[in-house]
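Hello,

Here is the structure we talked about. My notes follow it.

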Amino acid sequence: MRQNIVAGNWKMNKTLQEGIELAKEVNSKVGAITPKCKVVLGTPFVHITEVVKTVDASKISVAAQNCADKVSGAYTGEVSASMVKSTGAQYVILGHSERRAYYGETNAILKEKTDLALTNELKPIFCIGEVLSERESNIHFDIVKQQIEESLFHLSAGDFSKIVLAYEPVWAIGTGKTASSDQAQEMHAFIRQLIVSKYGEEVANNISILYGGSCNAANAKELFANPDVDGGLIGGASLKADDFLAIITAF
Ligand code: PEP
């Protein structure tokens with residue numbers, strides 16, 4: 001059966017010291033409960049090693065927010081999947097809309113990144129989602145389908161099963177505008193059906209599909225109650241331990 005997951009995406013926030021403090025606070029608060037979901041902290045690269053040391057690995061895993069599309073070599077400023085793996089991170093967020101929009105990451109580049117993440121035994125949290133104009137033009141299903149097909153559908157069923165998907169309508173990220181529970185469920189069911197058509201029921205039923213986009217303590221319960229919403233990728237609300245905990249306990 002698929003896993004429920006609440007993953008934080010700290011983005012480019014927190015100094016190393018602030019990040020360690022936040023990880024400590026999340027760790028002690030999660031340690032005091034029995035979460036009904038896997039908890040993941042998506043930290044900046046420079047925080048990963050310390051955060052891995054800080055948290056109880058039986059309850060909290062750590063994710064990078066990106067990795068390079070190249071194996072190694074003269075790519076100044078890049079961080080490879082094998083380097084990420086060597087820090088103790090278990091996950092890597094790939095295809096976030098901010099990476100697609102500001103750093104030109106195409107479906108083809110994300111295919112390379114996915115392959116390298118999997119080769120290095122990192123689990124991709126693979127983000128997909130449409131911008132507002134695409135939803136208004138009623139092409140949001142086509143866009144999400146294309147993102148998945150072009151970056152992921154070359155994978156074997158075994159490799160595809162290691163992916164966590166995160167549906168993040170771009171118009172809902174950091175805007176305070178959440179997709180309605182019905183809009184989230186409709187897209188998640190569409191994605192799961194797409195996976196059924198390519199890999200069959202068993203693979204599709206075991207894939208976790210997270211929702212991301214202004215998910216918070218007030219709306220998490222309703223979003224997570226949907227049959228095809230298996231948790232959340234959380235930006236702003238992951239930067240305060242209490243807010244993040246309230247989302248974790250929405251399960
Ligand atoms: C995100 O960055 O993945 C995200 C969902 O951000 P926010 O929760 O702030 O909308």
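K11 sits in the loop between strand 1 (5-9) and helix 1. Helices (H or I, at least four residues) and strands (E, at least two) are DSSP runs, numbered from the N terminus. Phi of K11 is near 55°, a positive value in a residue other than glycine. K14 is in the loop between strand 1 and helix 1 too. Its phi is also positive, at about 80°, and K14 is not a glycine. For background, most residues other than glycine have a negative phi.

Some ground rules. This is a predicted model, in which local features need pLDDT of at least 70, side-chain atom pairs count only at pLDDT 80 or more, and totals for chains, interfaces and linings use all residues. Residues are numbered from 1 along each chain as its sequence is written, and side-chain values use heavy atoms, with hydrogens and water left out.

K11 comes up again in the largest pocket. That pocket has a volume of about 440 Å³. It is lined by 14 residues, and K11, M12, Q65, R99 and Y103 lie nearest its centre. Helix 4 (residues 97-102) gives the most to this lining, with three residues. By class, the lining has six nonpolar, five polar and three charged residues. (Ala, Val, Leu, Ile, Met, Phe, Trp, Tyr, Cys and Pro count as nonpolar, Asp, Glu, Lys and Arg as charged, and the others, Gly among them, as polar.)

How pockets and cavities are found: on a 1 Å grid over the protein atoms alone, a cavity is a set of points where a 1.4 Å probe fits but cannot get out. A pocket is an open set with protein on both sides within 12 Å along at least five of seven lines. Lining residues have an atom within 4 Å of a point. Grid points are joined across faces, edges and corners, and a volume is the space filled by probe spheres set on the points.

The second largest pocket has a volume of about 170 Å³. Of its 15 lining residues, G174, S214, I234, G235 and G236 are the closest to its centre. The lining divides into five nonpolar, eight polar and two charged residues.

There is one cavity of 30 Å³ or more. The largest cavity holds about 40 Å³ of space. Its lining is G95, H96, S97, R100, C127, I128, G129, E168 and V170. Helix 4 and strand 5 (123-128) are the elements that give two or more residues to it.

Next, helix packing. Helix 1 (residues 16-31) and helix 12 (residues 241-248) pack at about 40°, with axes 9 Å apart. (Axes are lines fitted to C-alpha atoms, for helices over the stretch in contact, and angles run from 0 to 180 degrees between N-to-C directions.) L22, E25, V26, K29 and V30 in helix 1 meet A241, D242, F244, L245 and I248 in helix 12, with contact meaning heavy atoms within 4.5 Å. That contact has seven nonpolar, no polar and three charged residues.

Last, the rings. The structure holds six aromatic pairs. (Rings of Phe, Tyr and Trp, its six-membered ring, pair if their centres lie within 6.5 Å; planes under 30 degrees apart count as stacked, over 60 as edge-to-face and the rest as tilted.) F160 and Y199 are stacked, 4.5 Å centre to centre with 20° between the planes. F160 lies in helix 8 (residues 157-160) and Y199 in helix 9 (residues 181-199), so the pair ties together parts 39 residues apart in sequence.

Best wishes
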